[in-house]
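Student: Could you help me learn to read a protein model, one feature after another?
Tutor: Gladly. Let us look at the model together.

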Amino acid sequence: MKPEDLLNPEKLPAEFHWLISEFKLHPKDPVFVLIAWHWSQTQQAENTLLAAKMEFKAALDTRL
């Protein structure tokens, strides 16, 4: 997901639609942008950890 996509309400993940409706945050609100940035960084970290876990598991499986 690109940073520009975080400002486009149609391209937002479902988690953000809840934020918009529940807390009445506009996608251009600085708080919303900060939450979206943090979410995207967390997603990238999660993807990196998952890839590392799979590589580690594959390395162990071949040795066992």
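Student: Which backbone oxygen lies 2.8 Å from a polar atom of the side chain of Ser 40?
Tutor: Keep in mind that this model is predicted. A polar contact is a pair of N or O atoms within 3.5 Å. Here the backbone oxygen belongs to Trp 37, and a polar side-chain atom of Ser 40 lies 2.8 Å from that oxygen. You will find Ser 40 in helix α2, which covers residues 30-63.

Student: Is Ser 40 buried or exposed?
Tutor: Buried means under 20% relative accessible area. Ser 40 has 12%, so this residue is buried.

Student: And where is Phe 56, and is this residue buried or exposed?
Tutor: Phe 56 is also in helix α2. The cut-off for exposed is over 50%; Phe 56 has a relative accessible area of 54%, so Phe 56 is exposed. Together with Leu 60 and Leu 64, Phe 56 makes a nonpolar surface patch of about 380 Å².

Student: How many aromatic pairs does the structure hold?
Tutor: A pair of aromatic rings is described by the distance of the centres and the angle of the planes. This structure holds three such pairs. In one of them, Phe 16 and Trp 39 have ring centres 5.1 Å apart and planes at 75°; angles over 60 degrees count as edge-to-face, so that is the name for this pair. The pair links distant parts of the chain, as Phe 16 sits in helix α1 (residues 14-23) and Trp 39 in helix α2, 23 residues apart.

Student: How accessible are Phe 16 and Trp 39?
Tutor: Phe 16 is buried, at 1% relative accessibility, while Trp 39 is partly exposed, at 21%. Another pair is Trp 18 with Phe 23: the ring centres are 5.4 Å apart and the planes stand at 90°, so this pair is edge-to-face.

Student: Which residues form one aromatic cluster?
Tutor: Phe 16, Phe 32 and Trp 39 do.

Student: What does the secondary structure of the protein chain come to?
Tutor: The chain has two helices and zero strands. Its radius of gyration is 17 Å, well over the 11 Å that the globule rule gives for 64 residues, so the chain is more spread out than a compact globule. Along the principal axes, the C-alpha atoms fill a box of roughly 55 × 20 × 20 Å.

Student: What percentage of the residues count as buried?
Tutor: Of the 64 residues in the protein chain, 17% do.

Key: Residues are numbered from 1 along each chain as its sequence is written. This is a predicted model: local features need pLDDT of at least 70, side-chain atom pairs count only at pLDDT 80 or more; totals for chains, interfaces and linings use all residues. Side-chain values use heavy atoms; hydrogens and water are left out. Helices (H or I, at least four residues) and strands (E, at least two) are DSSP runs, numbered from the N terminus. Buried means under 20% relative accessible area, exposed over 50%, partly exposed in between (1.4 Å probe, protein chains only). A polar contact is a pair of N or O atoms within 3.5 Å; within protein, one must be able to donate a hydrogen and the other to accept it, and residues adjacent in sequence count only if both atoms are side-chain atoms. Patches are made of residues with over 30% relative accessible area and no salt bridge: like charges are joined within 9 Å, nonpolar side chains (Val, Leu, Ile, Met, Phe, Trp, Tyr) within 5 Å. Accessible areas come from the Shrake-Rupley method with a 1.4 Å probe; for residues, only the protein chains shown count as cover. A salt bridge is a side-chain nitrogen of Lys or Arg within 4 Å of a carboxyl oxygen of Asp or Glu. Rings of Phe, Tyr and Trp (its six-membered ring) pair if their centres lie within 6.5 Å; planes under 30 degrees apart count as stacked, over 60 as edge-to-face and the rest as tilted. The radius of gyration is taken over C-alpha atoms; the globule rule is 2.2 Å times the number of residues to the power 0.38.
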